Amino acid sequence: MTVIDRLELYFVAAPLPAPFSPAWIPGSSRTSISFYLIRLTTSGGVEGFSAFPAVGRERAGIGDALAHFFLGQDPTDIDRVQEMLRIPAYGGLRNFWVEPAFWDLKGKLAGKPVCELLGGKPRELDLYASSGEMMEPAARIEEALARYEEGFRTLKMRVHSFDEKIDIRDIQLPAKALAGKMALAVDCNQAFRLFQAAVGPKWDLQRAKRFVDAAADAGLAWVEEPLFMEWYSDMAELTAYSKVPISGGELHTSGLPELAEMIKKRCYHIFQPDTVWTGGISQTLEVGRLARAAGLQFTPHTWSTGIGLAINMQVFAATDFADEMHFEYPLSPPGWTAEARDAILKEPFMHRRGKLMVPSKPGLGFDIDESALEKYGRCFFRATRKSVAWMPEAIKDLSFAPVAFKTSAA
């Protein structure tokens, strides 16, 4: 029987071509994309991968538990994988991002892309360009026109001002300029609050209602995350009230149980879970099924890594929503580009005129560039069925630690 023979964990930090200031982390400037990478190798030499965003060394100690749970085990038994990951999650160690690596193996062993294992098929996806930074209206209009020339017909922009009049202005002016040419959506980034670099605004239900009224008047396609992610009653009230679709759900790390209840409460019109946070492929696919049954919509969030995009793409392609909805494509040059995001992949996931083909190759559809991994990554844990090597020293080099972010106070 094929079993897991080796497990390796890497910390990867690849430079961005220019500083990138994410709207969801006020006051910060990001100079690299940093993440954890897991490589599973079977007794037959087949490899499976997954990845998860990282700050520094916060997950350096997870290798022992993963090795204990999975070495010598059947890599295709996804139910057992989910069960083993759920046990430490009860103690606060949520690592469902590991699960897609098993699907990668399962697909490669079966000779099929993961979407086929899930009941779907490779297909061409319509994309929306997802911008990541705050901009003045003139710059936003220029950005939108650049994406339009590249083939996109929908752009998601950002707002994050203390002054709600500025937020409303920042959607109204681009919407007026792009009317009849390009659809616009907006992400308010209120579901979670990363205020370690600078303080940001905190919306309440009344502010959110005023904003969605303005968004409806401006003709926006949807409004994303206008309220804190645990305010379920307020979210449901806002969704029932709003004339423009409300979306969210990307970082609900309790996974299916929480998101299933949110679907019952109709917290959003459009559910946007991200597989690496929201329970892995199995749980996130079920969220899509429940959304369909409830008459709601589903399209995954993908702002993490190129591997995260690949994982969510396979899930999306396994649903009927792939024929109806647009799929998120993070793009915020000059800092956040596909080439930088996918630095350790042999072939970056490059759009073609606002479209992206789901790979038909077995597994999750990407190959690791080993030379790039050697350049940008450090293996800090390696275990086989015969030996364990824990190497925390490998990630003490500050060039591979939390220099990915610089705050405005730095």
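## Salt bridges and a helix pair: worked exercises

At 29% relative accessibility, Arg169 counts as partly exposed (buried is under 20% relative accessible area, exposed over 50%, partly exposed in between, with a 1.4 Å probe and protein chains only). Keep in mind that this is a predicted model, where local features need pLDDT of at least 70, side-chain atom pairs count only at pLDDT 80 or more, and totals for chains, interfaces and linings use all residues. Residues are numbered from 1 along each chain as its sequence is written, and side-chain values use heavy atoms, leaving out hydrogens and water.

**Exercise 1.** Work out which parts of the chain the Arg382 salt bridge links, and which network Arg382 belongs to.

*Solution.* 
- The partner is Glu8, and the closest N and O atoms sit 2.8 Å apart.
- Arg382 is in strand β13 (residues 377-384) and Glu8 in strand β1 (residues 4-20), 374 residues apart. Strands here are DSSP runs of E, at least two residues; helices are runs of H or I, at least four, and both are numbered from the N terminus.
- Glu8 counts as buried because its relative accessibility is 4%, while Arg382, at 31%, is partly exposed.
- Shared partners join Arg6, Glu8, Arg39, Glu47, Glu370 and Arg382 into one network.

**Exercise 2.** Explain why the Glu164 and Arg210 pair ties together separate parts of the sequence.

*Solution.* 
- The closest N and O atoms of this salt bridge are 2.9 Å apart.
- Glu164 lies in helix α6 (residues 164-178) and Arg210 in helix α7 (residues 205-218), so the pair ties together parts 46 residues apart in sequence.
- Glu164 is partly exposed at 22% relative accessibility, and so is Arg210 at 42%.

**Exercise 3.** Describe how α1 and α2 cross, and list the residues in contact.

*Solution.* 
- The axes of α1 (residues 63-70) and α2 (residues 78-89) come within 11 Å and cross at roughly 145°. Axes are lines fitted to C-alpha atoms, for helices over the stretch in contact, with angles from 0 to 180 degrees between N-to-C directions.
- In contact (heavy atoms within 4.5 Å) are Leu66, Phe69 and Phe70 of α1 with Arg80, Val81, Met84, Leu85 and Pro88 of α2.

Notes. Salt bridge = Lys/Arg side-chain N within 4 Å of Asp/Glu carboxyl O.
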